[in-house]
Amino acid sequence: MRRGFTLLEMTVVIAILALMTHLAIRELGQYRDNQRSAAADKQLEDIRDAAQAFMRDIGRLPRLASNTNENGEVVWTLSELWQRPAGIAARHIKTKDGVSVAVGWDGPYLRMPFSRARLLDPWGNPIEAEDSAGLVRLMADNDGYVTNVCHYGA
């Protein structure tokens, strides 16, 4: 009698391996999406904290600032959180009636990764007023003060 596997046995084993591989890859993708979503939530929390620190120092919420992206398009960003805006003095001590108070821009409130000029979400999308997908990620009131920052995922 010959020893070995029949074609049917080999087919069943290969089918089981293919199914297990498919399920593992799908779970890995969901895990990665969950991690990116958690990172985006943390990033939004960091932006909120930076905006509160900016407001504590300057007395107003950050305004949307116009920048030019790599396509030459004007976009609106939160650059006031990492670049001192024109017309706002750097942090200094002001004394009035014998009380000393630190006033002025004490940034950067957000740390930008080296050589990056704008914020990107964990999926690599720019966090600006409107991106190439037409999604408004930064919302501002009529005076240009940022009122909401959100992410949409991939």
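This briefing covers a pocket, a strand pair and a nonpolar core. The model is predicted: local features need pLDDT of at least 70, side-chain atom pairs count only at pLDDT 80 or more, and totals for chains, interfaces and linings use all residues. Residues are numbered from 1 along each chain as its sequence is written, and side-chain values use heavy atoms, with hydrogens and water left out.

**Pocket**
- The largest pocket holds about 240 Å³ of space; a pocket is an open set of points on a 1 Å grid where a 1.4 Å probe fits, with protein on both sides within 12 Å along at least five of seven lines, and its volume is the space filled by probe spheres set on the points.
- It is lined by 14 residues (an atom within 4 Å of a point), and Arg48, Ala51, Thr147, Asn148 and Val149 are the closest to its centre.
- α1 (7–58) and β6 (146–149) each supply at least two lining residues, with the largest share, six, coming from α1 (helices are DSSP runs of H or I, at least four residues, and strands of E, at least two).

**Strand pair**
- β5 (residues 138–140) and β6 run antiparallel, joined by three bridges (pairing takes at least two DSSP bridges).
- Met139 stands opposite Asn148 in β6.
- Five residues separate the two strands of this hairpin, and Gly144 in the turn has a positive phi of about 90 degrees.

**Nonpolar core**
- The largest nonpolar core has 18 residues, which are buried (under 20% relative accessible area, 1.4 Å probe, protein chains only) and joined through side-chain atoms within 4.5 Å.
- Among those touching the most other members are Ile47, Leu78 and Val149.
- α1 gives the most to this core, five residues.

Key
Buried means under 20% relative accessible area, exposed over 50%, partly exposed in between (1.4 Å probe, protein chains only).
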